Amino acid sequence: MVPGTKVLLVEDDPSILRLLQLELEHRELVVRCAGDGVEGLEAYEEFRPEVVVLDIMLPKLSGTEVLKEVRRRGEVTPVIMLTARDSVSDKVGSLSLGADDYLTKPFDLEELLARIEAVMRRARSEDILRVHDLEVDRAAREARRGSRRLGLTAREYDLLEFLARNRRRVFSREAILQHVWGQDFAAGTNVVDVYIGYLRKKVDGGPGDSKLIHTVRGVGYTLREG
């Protein structure tokens, strides 16, 4: 386990929450705790964890609803679901919503730690996002098109990484504002269109470049080959 890894624990049983917090902090991880689904979503936004351990049976907002919302926003943070239920349908349901792993209570702490390490290892292996000959290096916050370094500004990089993480998905301007800028803009703002224009010049503007950034009329934008 890499020291300093940020872990969000969302669990309504205070004794389980405290035990997990102490054990993870003992291993030099940075831990944030939440006791219900609403608090969990708020903590996710503020803390920006690298992995989430999420109980299904939560007050105010269930774990599956929290997971749905996180994935709806286009976030790919690894999520491990915890539950007292052991039915196949529960497991399949969680995984189909985008959970990375599933653990049934009562569980062995060492097993949970091993699963956290496993999902983090898979996440680290996805530091390079590829779409055709476009490469987005999430660790270095750089992008290349073939052999050409794109030289993006910080905001241009954020926008390109978001589209690359969600390649082939179409997002409205409003959704892109929420995901990339993280704040509300005045109605009618054209900031997304402006930055898409900047990206197109850098991503699709080289000699012989095929078009990767596409406009879906009446809907929004997507990044895909062809």
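Biologist: Which residue just after H7 takes a positive phi of about 70°?

Modeller: This is a predicted model. The positive phi, about 70°, comes just after helix H7 (173-181). The residue that takes it is Gly182.

Biologist: Which residues of H7 are buried, and what covers them?

Modeller: Buried here means under 20% relative accessible area. In H7, Ala175, Ile176, Leu177, His179, Val180 and Trp181 are buried. The cover over these residues includes helix H3 (63-72), H6, helix H8 (191-203) and strand E11 (220-223).

Biologist: In what order do the 4 strands of the open sheet lie, and which are the edge strands?

Modeller: The pairing in this open sheet is antiparallel, and the order is E6-E7-E8-E9. An edge strand pairs on one side only, and this holds for strand E6 (128-131) and strand E9 (148-149).

Biologist: What is the bridge partner of Ile128 in E7?

Modeller: E6 pairs with strand E7 (residues 134-137) in the antiparallel sense, over 4 bridges. Within E7, the partner of Ile128 is Asp137.

Biologist: Which helix packs on the sheet, and what angle does its direction make with that of E7?

Modeller: The helix is H6, which touches E6, E7 and strand E8 (142-145). The direction of H6 and that of E7 make an angle of about 110°.

Biologist: Which side chains of E8 are buried?

Modeller: The side chains alternate along E8.

Biologist: Which residue in the hairpin of E7 and E8 takes a positive phi?

Modeller: E7 and E8 pair in the antiparallel sense over 4 bridges, and Leu134 has Arg145 as its bridge partner in E8. The hairpin has 4 residues between the strands. The positive phi, near 55°, belongs to Arg141.

Biologist: Which residue in the turn between E8 and E9 has a positive phi?

Modeller: E8 and E9 run antiparallel and are joined by 2 bridges, with Arg144 opposite Arg149 in E9. Their hairpin has 2 residues between the strands. The residue in the turn with a positive phi, about 65°, is Gly146.

Biologist: Which element gives the most residues to the lining of the largest pocket?

Modeller: The largest pocket has a volume of about 1200 Å³. Of its 39 lining residues, the closest to the centre are Glu75, Val76, Arg138, Glu161 and Arg165. Helix H2 (37-47), helix H5 (109-124), helix H6 (154-165) and helix H7 (173-181) each give two or more residues to the lining. The element that gives the most, with 5 residues, is H5.

Note on methods
Residues are numbered from 1 along each chain as its sequence is written. This is a predicted model: local features need pLDDT of at least 70, side-chain atom pairs count only at pLDDT 80 or more; totals for chains, interfaces and linings use all residues. Side-chain values use heavy atoms; hydrogens and water are left out. On a 1 Å grid over the protein atoms alone, a cavity is a set of points where a 1.4 Å probe fits but cannot get out, and a pocket is an open set with protein on both sides within 12 Å along at least five of seven lines; lining residues have an atom within 4 Å of a point. Grid points are joined across faces, edges and corners, and a volume is the space filled by probe spheres set on the points. Two strands pair if DSSP finds at least two bridges between them. Contact means heavy atoms within 4.5 Å. Axes are lines fitted to C-alpha atoms, for helices over the stretch in contact, and angles run from 0 to 180 degrees between N-to-C directions. Buried means under 20% relative accessible area, exposed over 50%, partly exposed in between (1.4 Å probe, protein chains only).
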